[in-house]
Amino acid sequence: PIERWNDYVLGSIAQEYTQRPVGEMWAYNNSGYVVLQNVIEAAGGLSLADYSHRSLFGPAGMERSTFGNDAPGLSATFSGGEPLPTEYVNAGTAGSVKSSAADMARDLRMLIHEGLGERGRVLPPPIFRQMIERQYPGNPFDDLGAMLYGLGFRPGLSALDYADSCFSHPGETVAFHTQTIVLKDQGLGVSVCSNTDSPDNFADEVALGILRIALENLRGLTPPTAPQPAPAAVVSKTRAELETYAGLYAPGFGGYDRIVATNEGLQWTRGAGGAAPATTLLLPRADGRFAPAAAGSTVQLEFKTVAGRALVILYAAREWWTDHYILGEKLTSSPVSPAWQRRVGDYVWTNLWPIDYRLLDGDDTATMVRLELRDGVLMLGGDPIAPVSDTLAFTRGIGFGIGRNRGDAGRIE
């Protein structure tokens, strides 16, 4: 536990830089819920634990649920089959509810009934509906995203479109992984909690599998049986046309991809700046997208300009639905000033919090970061950055919001 954790977070936020105008694009960020905790405690005059018992868990009938970190009977956690030490979540409102299966069932009933709990109303219906309705409807970047959010819940889920409207929210800490999905109009919901970090997406797959069985057995609804359509026919494009797509594309976090024009199509290298890049040849298709030549491929790319930003969209076919999201934004070339060129080299982060995850494994190299020029782009720790002065630079690119995409800033002194 860290004393005055919330005060530390507020102080950090006060020194942050805005990445983009408010409302331009949704991005996942737990810090907003830390701020919300401060607002609740300041306005209500109660601790988060006391307020939540009075106004949330109490009316919902959830007697074995708490935001406190001293809950008895907490499950052990594992990573790769090995036990982990007891986990403590300082950012309470962002992932520290301790509950039981019976209480989570009460939570699901409350959500199905638009905020009406077992012992009273938690939220008025109009406010509840705001939570499950998309914020900033019509936003062109969000329209291309894999996740559209309300206030804490994600309205809609491609895999369950056949069952009418739904809302959901996954969540995870170091080892706890959860998925809650509610089909309000069907009167169905599921909440899955896992205490291990493997296998990947375990909670998601179990939750979808349970609802698929429930929809078929209780409501007579089955997912579409039609197979995913094959990519459109291959067409020809001139080398000059293909060159317009070539370049580096960055999601704003986690490196970049490279697109190179060839005589046949486009050579796509995922994780081009990383340790294990993977290259695929994409052929132009009649619908304007690009897809691999191999039969049975489930991935397609589409290039489009949105609000003046050159983007690449990834489409991934699943069992009976297709996910899509912004893979990255094309990086425009710009000269790197002599001041930044002289700084190329290895650095050590000097302002890390004592329990930053980079310090937990005792590896001194984890606190190091490399500034380098790669593919004509200035990179810090593998991420493309754009200097705005001789001392300040911001991450570049735009992509899938779940990657946090906070707009980190780095200052080298």
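The model is predicted: local features need pLDDT of at least 70, side-chain atom pairs count only at pLDDT 80 or more, and totals for chains, interfaces and linings use all residues. Residues are numbered from 1 along each chain as its sequence is written, and side-chain values use heavy atoms, with hydrogens and water left out.

Start inside. The largest nonpolar core has 18 residues. Such a core is a set of buried Ala, Val, Leu, Ile, Met, Phe, Trp, Tyr and Cys residues joined through side-chain atoms within 4.5 Å. Buried means under 20% relative accessible area, exposed means over 50%, and partly exposed lies in between (1.4 Å probe, protein chains only). Leu160, Ile181, Leu183, Leu211 and Leu215 have the most contacts inside this core. Two or more residues come from each of β5 (177–183), β6 (188–194) and α7 (202–219). Helix α7 gives the most, with 5 residues. Helices (H or I, at least four residues) and strands (E, at least two) are DSSP runs, numbered from the N terminus.

Look at leucine 215. Contact here means heavy atoms within 4.5 Å. Leaving aside residues up to four places away in sequence, leucine 215 touches Leu160, Tyr162, Ala163, Leu183, Gln186, Leu188, Gly220 and Leu221.

Next come the charged pairs. A salt bridge is a side-chain nitrogen of Lys or Arg within 4 Å of a carboxyl oxygen of Asp or Glu. By this rule the count is 16. One of them joins arginine 212 and glutamate 319, with the closest N and O atoms 3.4 Å apart. Arginine 212 lies in helix α7 and glutamate 319 in the loop between β13 (309–317) and β14 (322–330), so the pair ties together parts 107 residues apart in sequence. Arginine 212 is partly exposed, at 32% relative accessibility. Glutamate 319 is exposed, at 56%.

Another salt bridge brings together the side chains of glutamate 63 and arginine 119, at 2.5 Å from N to O. These two also link distant parts of the chain, 56 residues apart. Glutamate 63 sits in the loop between α3 (48–60) and β1 (77–79), and arginine 119 in the loop between α4 and α5. Both residues are exposed.

Arginine 370 and aspartate 346 meet in a salt bridge of 2.7 Å, N to O. This pair links strand β16 (residues 368–374), which holds arginine 370, with strand β15 (residues 345–348), which holds aspartate 346. Both are partly exposed: arginine 370 at 46%, aspartate 346 at 44%. Elsewhere, salt bridges link Asp103, Arg106, Arg109 and Glu118 in a network.

Now turn to glutamate 114. This residue lies in the loop between α4 (101–112) and α5 (125–132). Glutamate 114 counts as buried because its relative accessibility is 18%. Its side chain makes a polar contact of 3.2 Å with that of arginine 129. A polar contact is a pair of N or O atoms within 3.5 Å; within protein, one must be able to donate a hydrogen and the other to accept it, and residues adjacent in sequence count only if both atoms are side-chain atoms. Not counting residues up to four places away in sequence, glutamate 114 touches Arg121, Leu123, Pro125, Phe128, Arg129 and Lys184.

Finish on the surface. Tyr33, Leu36 and Val39 form a nonpolar patch there, with about 250 Å² of accessible area together. Patches are made of residues with over 30% relative accessible area and no salt bridge; like charges are joined within 9 Å, nonpolar side chains (Val, Leu, Ile, Met, Phe, Trp, Tyr) within 5 Å. Accessible areas come from the Shrake-Rupley method with a 1.4 Å probe; for residues, only the protein chains shown count as cover. Tyrosine 33 lies in helix α2 (residues 31–44) and is partly exposed, at 34%.
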